[in-house]
Amino acid sequence: MKRILFILVLLLASSPLRAELIIEITSGVDNPTPIAIVPTGWNGTAALEESINDIVAADLRRSGQFRPIPQRDMLSSPSKASEVFYRDWRILKAEYLVISNVSQNAQGGYHLEFEMFDVFNERKVLDLAVDGARDQLRDLAHYMSDQIYQRITGIRGVFSTRIAYVEQLGEIYRLMMADADGARPRLLKESRPGEPILSPSWSPDGRYIAYVSFETTRPAIYVQEVATGSRQQITNFEGLNGAPAWSPDGRKLAITLSKDGNPEIYTVDVQTKELRRVTDHYAIDHEPSWTADGKAILFTSNRGAKPQIYQVTLASGRPERLTFVGPYNAKPVVTPDGKGFVFIHRDEGGRDHIAFQEFKTGNIRVLTQTQVGLDESPTVAPNGAMLMYATKNRQGKGILAAVSMDAATTFDLPSKQGDVREPAWSPFRN
Amino acid sequence: MKCPLITAAGLAAVLFLPLTASAEQLQLAQVEVIESSPIRAIGQPRATANNDRNPNAATAGNGSSDMMGELFYQLQILQQEVQTLRGQVEEQAYQLQQLKQQRMDDYVDLDRRISELSRSGSAATSAAPASGSANANGNIGTTAQAPAAPAGNAADSEFASYSAAVDLATKQQAFDQAITALNQHLRQYPDGRYAANAHYWLGQIYFVQGKMEEARQAFTRVVEGYPDHNKAPEARYKLGQVYFRLGDQARARTLLEKVANSNSDVAPLARNFLQQNFR
């Protein structure tokens with residue numbers, strides 16, 4: 001398998017809060033589609049803060065499904081359809097060619113136009129324009145990547161999505177949000193020393209993040225609006241309040257509470273705070289995740305002595321065991337298409353990896369191959385093509401890593417400072 | 001009953017320790033969290049949570065609390081025992097179900113092979129059915145369902161005529177002669193039991209020859225004339241490809257999606273083709 005090492009261009013890394021994640025692609029598919037992203041035309045006087053074509057090329061490369069052709073190999077750099085000579089690109093074996101132009105718009109923001117050509121069939125396959133504010137150059141670039149990706153693969157792109165994660169610097173915990181490529185990290189909530197923040201979870205509309213904070217000296221669940229930062233405390237029961245997971249309709253959270261003696265799964269209505277107990281067993285029931293239809297909840301339980309994954313149908317309340325392979329299976333997360341779930345799977349050698357199990361067949365596929373075998377906290381991209389998880393690098397530092405659901409493409413997102421963990425991939429943003 | 005464990009740290013420990021059983025796991029986030037939490041000061045020593053025998057009999061005192069301690073200890077052991085047994089029952093139920101499924105699959109497989117044997121035994125007198133070698137597109141299985149006990153000479157000669165025509169195409173690659181022979185067969189047995197197969201083979205041959213319009217007509221005959229025939233899904237799949245080559249993307253897609261959503265043998269091929277050629 002090809003090993004590509006690739007460092008994302010670092011930008012805007014001035015503020016101390018911007019502890020950027022750096023992306024290193026560690027492997028890719030054997031036969032990625034060659035695509036030429038011609039440098040974006042710009043008629044302004046001052047140089048642009050961001051290179052749109054570089055961001056797009058990096059996005060597509062990171063997906064593992066594309067091989068952007070290096071700029072230095074390009075024989076020409078057309079910025080208009082009339083300047084495109086297919087011959088130039090056939091020589092480079094480019095299957096697709098993308099040209100783009102950015103200009104200032106009337107509102108002081110930017111206007112981006114881009115066109116994509118199918119080199120072999122010599123025809124235009126995409127012609128789009130988009131406007132953004134002054135600080136949205138990266139958003140424009142990610143939009144362009146999404147459109148290109150979708151036109152060629154038929155799958156919706158996730159380059160415009162976000163990831164939330166927890167960063168730990170000494171005793172301080174920070175709930176962060178960054179672009180899916182790790183750029184532009186923003187602080188959502190910073191803890192006082194020694195008061196952990198845990199388990200961020202996006203609402204299905206992407207407007208809210210639920211998480212656990214120890215700020216009242218015991219774990220409590222909060223829901224924070226991403227855009228405004230306004231917060232609402234959902235639970236503060238005695239004992240454990242943990243692992244919030246949004247229902248598909250965004251109305252409820254499945255949570256773990258130990259208020260009645262030992263950890264059980266509950267659902268809580270976000271508006272009315274109405275509480276409903278789902279499981280009832282003296283063993284530990286934890287880490288809920290809803291099925292796509294919202295009718296059942298998967299969870300981890302050690303009611304059979306070893307932690308395994310169970311599914312409980314809300315109507316009947318009857319739990320049924322789902323995992324049977326291996327001594328330890330935990331932290332189920334149902335995939336966006338609802339066909340299966342990813343989870344932490346411990347192998348015979350005691351290493352923890354992320355695996356996928358299909359509901360229908362029960363077949364398991366192990367997706368991660370890390371040496372350390374300390375993979376945890378899986379989260380799936382909204383298009384179901386990629387999975388992100390937390391692990392440790394060789395130096396023992398907490399990093400985020402990603403792998404495609406066919407296990408062919410992997411990349412790491414080590415943080416420049418501190419440990420990062422508990423990634424949560426946002427839904428599509430509209 | 002007295003339950004000495006209800007503090008946040010104690011519960012957090014109860015929660016995570018059994019779930020993260022191995023030593024290396026202790027370095028993970030959750031446990032660090034517990035340790036760095038200020039609650040620890042008021043919390044219980046987390047060892048109480050572990051499954052190992054650590055009776056809280058440590059809280060020794062007068063006789064009745066001794067008894068309570070002993071009872072609590074017994075209860076813990078019983079719970080643990082039940083959990084272990086439950087795990088075993090779940091696993092055995094799963095294995096049983098797997099075995100049942102396996103047995104069923106084996107039986108179906110055996111049954112299929114036996115009935116194939118008995119069928120080829122009775123058909124041995126007539127020419128053995130051409131074991132359809134896949135052509136350029138690799139999606140052709142066996143030529144046709146073996147004739148179910150050909151009754152009488154009429155059936156025999158019908159099969160012979162069909163089989164000879166197909167052999168021309170598959171074994172000798174004599175496509176033009178095969179077309180003639182297949183058309184001849186269709187004239188002779190317009191409603192014969194191999195009519196659908198013959199149309200299908202005509203389509204295949206035209207397709208290989210690049211005669212898309214002729215291929216379209218032939219496959220359409222199968223799809224529309226014999227919608228329930230076992231060659232119909234394959235014909236629909238090929239017809240989709242024909243339309244694709246003819247540039248009628250919309251119709252190609254409709255057909256291929258129909259095949260892709262069916263549970264026929266060629267559904268994966270159709271899905272594959274859709275994935276590669278449509279977005």
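Predicted model: local features only at pLDDT ≥ 70, side-chain atom pairs only at ≥ 80, totals over all residues.
**Entry 1**

On the H5(B) side I listed B:Phe175, B:Ala178, B:Ile179, B:Leu182, B:His185 and B:Leu186; on the H6(B) side I found B:Ala195, B:Ala198, B:Trp201, B:Leu202, B:Ile205, B:Val208 and B:Gln209. Contact here means C-beta atoms, placed from the backbone, within 7 Å. I sorted these residues into 11 nonpolar, 2 polar and no charged (nonpolar: Ala, Val, Leu, Ile, Met, Phe, Trp, Tyr, Cys and Pro; charged: Asp, Glu, Lys and Arg; polar: the others, Gly among them).

Next I looked up the geometry: the axes of H5 (residues 175-188) and H6 (residues 195-209) of chain B come within 10 Å and cross at roughly 155 degrees. Axes are lines fitted to C-alpha atoms, for helices over the stretch in contact, and angles run from 0 to 180 degrees between N-to-C directions. H5(B) and H6(B) are therefore roughly antiparallel (an angle over 145 degrees).

**Entry 2: a sheet in chain A**

I then turned to an open, antiparallel sheet of 4 strands in chain A, ordered S15-S16-S17-S18. Strands are DSSP runs of E, at least two residues, and helices are runs of H or I, at least four, numbered from the N terminus. Its edge strands are S15 (241-246) and S18 (275-277) of chain A. S15(A) is joined to S16 (residues 252-257) of chain A by 4 bridges; pairing takes at least two DSSP bridges. I also noted that A:Gly242 has A:Thr256 in S16(A) as its bridge partner.

**Entry 3: bookkeeping**

Residues are numbered from 1 along each chain as its sequence is written, with chains lettered from A and ligands numbered from 1 in the order written. Local features need pLDDT of at least 70 and side-chain atom pairs 80 or more, while totals for chains, interfaces and linings use all residues.

Methods
Parallel < 35°, antiparallel > 145°, perpendicular 65-115°, else oblique. Contact = placed C-beta atoms within 7 Å.
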